[in-house]
Amino acid sequence: MSSSKPLDLRLPTPGCYADPERIGITADAVFDGMTEHLFFTLGKLAPTASLHDLYMALSYAVRDRLMTRYLASLEAIRARPQKQVAYLSAEFLIGPQLNSNLLNLGIQKEAEEALKRFGIENLSDILEVEEEPGLGNGGLGRLAACYMESLASLQVPATGYGIRYEFGIFNQLIRDGWQVEVTDKWLKGGWPWELPQPDEACFVGFGGRTESYIDDKGHYRSRWIPGEHAIGIPHDVPVLGYRVNTCDRLRLWRADATESFDFYAFNIGDYYGAVEEKVGSETLSKVLYPNDGTDEGRRLRLKQQHFFVSCSLQDMLRSLEKRGISAEDFPNHWTVQLNDTHPSIAVAELMRLLIDDRHYPWEKAWEITTKSVAYTNHTLLPEALEKWDLSLFSSILPRHLELIYEINRRFLQQVRLRYPGNDSILRKLSIIDEEGGKAVRMAHLATIGAHHVNGVAALHSDLIKRELLPEFAELWPEKFTNVTNGVTPRRWVALANPELSALLNQEIGPNWITNMDLLTQLEGKEDDENFLEHLGATKLSSKRKLAGYIHRQTGILVDPSSMFDVQVKRIHQYKRQHLNALQVIAQYLRIKNGQGQGIAPRTVIFGGKAAPGYYMAKLMIRFINGIAEIINADPDMEGRLRVIFLPDYNVKLGEQVYPATDLSEQISTAGMEASGTGNMKFAMNGALTIGTLDGANVEIRERVGAENFFLFGKTESEIMKLNQSGYRPKEIIQSLPELSETLRLIEIGHFSNGDSELFKPLLNSLMGTDPFFVMADFADYLRAQDSVSRAWTNRNHWNRMSLLNTARSGFFSSDRSIQEYCKTIWNVEPFPVEISCESSQLKVQ
């Protein structure tokens, strides 16, 4: 956003913003910064410093170099207020921070040179030490992280709001083939990237009661008297853009007790009671996604959601008050994006803060709220849309329930005027679900309170309007839109795949990293055999690195020249890892039966975590490991087939997997996956996709070309028809001898040490109702896999298809997604920050 003249903020105090001793980016400056932090911050001398000490020292030195940009960006907004994005998300799977910040500052080589003076030859030795922040689980959190990085790189002022979980979801071990969950103590060695801000804490209430009263102006009002409180302490994480001065922030809330220690209880011998309040309050930010299979788990999840949403909205309102801006102008200064349904309590909480605390009339408060809030839906699965039992909700948030009742009453009155006498549509649209036990439908609350509702892929957005929320879409067609997901090319190509990046820089220059449309220039190389050979060599190099990792972690040797066929994602029946496992068994049987001619040598790689309470997903992991145990020990499979399950899949491991993949498995049941982002990372790195017409697969196929995508499976509409006509998986099994033989082998315990009972629940599901249509798609999936094997035999042609996947993947950059959000939903513009280091002066233009 431009202005008539730059804003000059002179900062004469030494150390403010542009102190050259703390922002130098030469190798000497980085070395000096590390030495200083080793001595003064960590209390260590270089000769006795461990790798972890050196990691911490380098991280602190890099953080010093972020601070100029970080504080300048905050000061710029304070001095010249602009509309900012508030991105509310229960997850931010940000991944390791050191290498990302080195890349965005442009000092990777300088850091490597500085480390050599400490006797460390490779930067990778230090990067390996870094713990991955346990702030997210899967695609939702990783998308939020990509979006925050793109917001900063596009110089859009933004704050990501979430929870500072003390423990991540869990670390995954595999024991006897089963997933075992181990506490993720990611903070145990300290985390140098956060800046605690205890002076900006917020109070949050729970439970208690409400009471009505008449205020001094004669107005009827309600007040909430909570039964308990917690304090939210913000911890800020700088989010630097790529080679720009803009540094946004991730503000994560840690829960603390209002009173940490009860001396009276302690003195009378009640030692647990002395710290009971502290323990109870701090539980709010202990762990990501507590198991909601119990009443206490559900209570904690709802309290977590309210906790971080309330802190975040209070923080936004306070930021306006500090600058003398009225809350009435809130929509002009903040656009609040709800990343899925978890933060949807924001609609009721913002109303409470405006009506109860600031005494706005209902109509004005509703206008402010609906102009400020937008909602992204990420799922079509009913269980993920969040419904809260009315009694549980009222016991935790009684005032919010009153507000929701009033929001619902006024909304349903509008519906009655539009559809007089239609009680059926009232039941469908009501925020309160009256069927069975009464519940609050949070997706309905978010939809009613938001000015825009978007899906995350073209097909998904269409299904929201047709299947998930059709009555809302008919009522407010202008609210509904699509923004297809994207991923940041900085982490997923430049960082993860340095050899491919170097090749791209050599051929089309370095600007592709911020303008992915430039990749289309590579299409001119599709018939250049020399270039294709170089491209194949970069892939082989990445595969060798991953093969080394696999051997170190599992003890299994894999052949880098084999096809790396990969499915890494959260384990869930709809993602159909069991379909992939079944085709592996079919290929195994073909080889055993002497029918393996033409089958490409493959290393089939799985990875992903199952939710601790999701038994069938955990059984699928055991199933895959059972198959791997048999196949990897069979001499007949040598050089033909290997199966690997990578334990504890995360961002750090993903950075090794995506560049090394030849075939990307995107095989979810059509109409089930909202978008997916792993599919985009694979395509950017030159993997070919085998997939259904689901989520963003549809758009990937359209972009890269149908001839460069292995399509199979029934479409969403075909599955709907199959369901309506009466789906009978047993009839399909009986008509397919290869499928029957595959299932029979499982049934007799071939992959479970003779235990015919172990996988019976899985078999009963597949042969009974088969809710995710695995049997319906098996034959076509096997046909597509045969096409993959044939394509693999012509490596030059395969490399050409790989090239075109990369060349045509630019659309799936998160930069494009954020630009669409800014234009169509947020109405926010870039706000560049210019820093003049020579005169300790900050300029904003």
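**Spaces and sheets in the predicted model**

α4 (98-105), α7 (139-153), β10 (228-240) and α20 (489-495) each hand at least two residues to the lining of the largest cavity; helices (H or I, at least four residues) and strands (E, at least two) are DSSP runs here, numbered from the N terminus. A cavity, on a 1 Å grid over the protein atoms alone, is a set of points where a 1.4 Å probe fits but cannot get out, a pocket is an open set with protein on both sides within 12 Å along at least five of seven lines, and lining residues have an atom within 4 Å of a point. This is a predicted model, in which local features need pLDDT of at least 70 and side-chain atom pairs count only at pLDDT 80 or more, while totals for chains, interfaces and linings use all residues. Residues are numbered from 1 along each chain as its sequence is written, and side-chain values use heavy atoms, with hydrogens and water left out.

As for confidence, the protein chain has an average pLDDT (the predictor's confidence in each residue, from 0 to 100) of 93, and 94% of the residues score at least 70. Residues 1-15 stay under 50, and the model gives them 30 contacts beyond four places in sequence, a contact being heavy atoms within 4.5 Å. Residues 839-845 are also below 50, with 34 contacts beyond near neighbours in sequence. Where pLDDT is low, the predicted coordinates should not be read in detail.

The largest cavity holds about 200 Å³, a volume being the space filled by probe spheres set on grid points joined across faces, edges and corners. Its lining has 18 residues, with Q97, S100, A145, E149 and V239 nearest the centre. That lining splits into nine nonpolar, five polar and four charged residues, where Ala, Val, Leu, Ile, Met, Phe, Trp, Tyr, Cys and Pro count as nonpolar, Asp, Glu, Lys and Arg as charged, and the others, Gly among them, as polar.

The second largest pocket comes in at about 550 Å³. Of its 26 lining residues, L74, I77, R78, R249 and S319 sit nearest the centre. Two or more residues come from each of α3 (51-79), β3 (158-163), β11 (247-256) and α10 (295-322), and α3 gives the most, with six. By type, the lining of this pocket has 10 nonpolar, six polar and 10 charged residues.

Now for the sheets. Six strands line up as β21-β20-β19-β22-β23-β24 in an open sheet with parallel pairing; two strands pair if DSSP finds at least two bridges between them. β21 (641-646) and β24 (709-711) are the edge strands, each pairing on one side only. Helix α27 (residues 697-704) lies across β22 (663-666), β23 (688-691) and β24, at about 135° to β24; axes are lines fitted to C-alpha atoms, for helices over the stretch in contact, and angles run from 0 to 180 degrees between N-to-C directions. Helix α33 (residues 795-807) packs on the sheet too, touching β22, β23 and β24 at about 85° to β23.

An open sheet of three strands, ordered β14-β16-β15, has antiparallel pairing. β14 (387-389) and β15 (432-433) are at the edges with a single partner strand each, so one side of each has no neighbour in the sheet. Two bridges link β15 to strand β16 (residues 439-441), and I432 stands opposite V440 in β16. Helix α17 (residues 442-449) packs on this sheet, touching β14 and β16, with its direction at about 40° to that of β16.
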